[in-house]
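Hello,

Here is the structure I promised to pass on to you. Please open it alongside this message.

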Amino acid sequence: MAHLQYLEELIREYLVFRGFASTLKSFEAELKVDKEKSFRVDKIIEQLMQFISNYDLIGLRDLWTHLDNHIFNKLESHFSPSVKKLENAVLKLYVINAVTNNKPDKVIDFFLKLTPELQNQTEWKDWFVLPYIKNPEENPTFAFQCTKQWQDSLLVSLHNFLASVFQYMPVPTLAHYEEDATKILKLEQKNESLKNRLALLIDRGAESNVAPCQADPPTHLLDDFYIIAQENNIVDSQGKSLKNIIRNMGTGSSPVMGRKEAGSTGKKKNVSMTRNN
């Protein structure tokens, strides 16, 4: 979620533009104590390791509780065992670090504060003797946790888990700003490319003297104005036909008038022949 830093800059710019000085001040103060570190996994792990190195049990617990309440609790239920296993591993790393650096007071303080929470967990039942063991790295129960291999493996597992959670967790609409802007830019570029291709095809068609194809609009696109235009064409054609019929009625080309004229001529010839006779 590196793009969140860009969004934070946009929010700052907007608050300055609107003159929201007090809101900007509160926003800056919240960012300074942001426990999620803008969802930067490396920063979160760095903060956890700093608490462990400084034997700050309260800070370590507060940070993990914050992550648990705001992020881990929103995961599906089958992730709960993994979250609990990582939490116990981080606590074990804390107490192992205190033991190996000869901080017995920090070890005793750890168990005094967390015994009510840990005493009912099976994987912690052997760890309450840790303050009384001089060389835990030689004890089979604690030897593996004292190795650098285990500690490095824990940090890698924690990093991968947090990275996966942050990648797939739902984000607010504003967080899609950069992604949406990129999609819009790609669509605009594609649209421009298609327009250029269409112009090129039209130019090629003009050069080859290809007549445009005439096609009636599809029936689902016919509107009232198209139907009226078609009716006007029909009326015009019918009017022209009537005019042609009327015009041809006075000429010999009319089939009706031609028959009448032929009949009347035959009668005149018969009458003249009778008189002559």
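First, some ground rules. This is a predicted model, in which local features need pLDDT of at least 70 and side-chain atom pairs count only at pLDDT 80 or more, while totals for chains, interfaces and linings use all residues. Residues are numbered from 1 along each chain as its sequence is written, and side-chain values use heavy atoms, with hydrogens and water left out.

Let me start with the core. A nonpolar core here is a set of buried Ala, Val, Leu, Ile, Met, Phe, Trp, Tyr and Cys residues joined through side-chain atoms within 4.5 Å. Buried means under 20% relative accessible area, exposed means over 50%, and partly exposed lies in between (1.4 Å probe, protein chains only). The largest such core has 47 residues, and Phe-110 and Phe-166 touch the most other members. At least two residues each come from H1, helix H3 (41-53), helix H4 (57-70), helix H5 (80-100), H6 and H7. H5 is the biggest giver, with 11 residues. Helices are DSSP runs (H or I, at least four residues), numbered from the N terminus.

Leaving out residues up to four places away in sequence, Phe-110 touches Leu-57, Leu-91, Tyr-94, Val-95, Leu-118 and Trp-124; contact means heavy atoms within 4.5 Å.

Next, a helix pair. Two packed helices are described by the angle between their axes and the distance between the axes. For H4 and H6, the angle is about 35° and the axes are 11 Å apart. Axes are lines fitted to C-alpha atoms, for helices over the stretch in contact, with angles from 0 to 180 degrees between N-to-C directions. On the H4 side the contact involves Leu-57, Ile-58 and Arg-61, and on the H6 side Asp-109, Phe-110, Lys-113, Leu-114 and Glu-117. By class, that makes four nonpolar, no polar and four charged residues. Ala, Val, Leu, Ile, Met, Phe, Trp, Tyr, Cys and Pro count as nonpolar, Asp, Glu, Lys and Arg as charged, and the others, Gly among them, as polar.

Now the salt bridges (a side-chain nitrogen of Lys or Arg within 4 Å of a carboxyl oxygen of Asp or Glu). The count comes to 10. One of them joins Glu-87 to Arg-61, with the closest N and O atoms 3.1 Å apart. This pair links distant parts of the chain, as Glu-87 is in helix H5 and Arg-61 in helix H4, 26 residues apart. Glu-87 counts as buried because its relative accessible area is 11%, and Arg-61 is also buried, at 19%. Arg-61, Lys-84, Glu-87 and Glu-117 are linked in a salt-bridge network.

Within helix H1, Arg-12 and Glu-9 lie three residues apart, about one turn of the helix, and form a salt bridge at 2.8 Å between the closest N and O atoms. With 46% relative accessibility, Glu-9 is partly exposed.

Finally, two single residues. Ile-11 sits in helix H1 (residues 3-18) and is partly exposed, at 28% relative accessibility. Beyond its neighbours within four places in sequence, Ile-11 is in contact with Phe-27 and Leu-174. Gln-121 lies in the loop between helix H6 (104-118) and helix H7 (148-168). At 17% relative accessibility, Gln-121 is buried, and, not counting residues up to four places away in sequence, Gln-121 touches Lys-84 and Asn-88.

Best wishes
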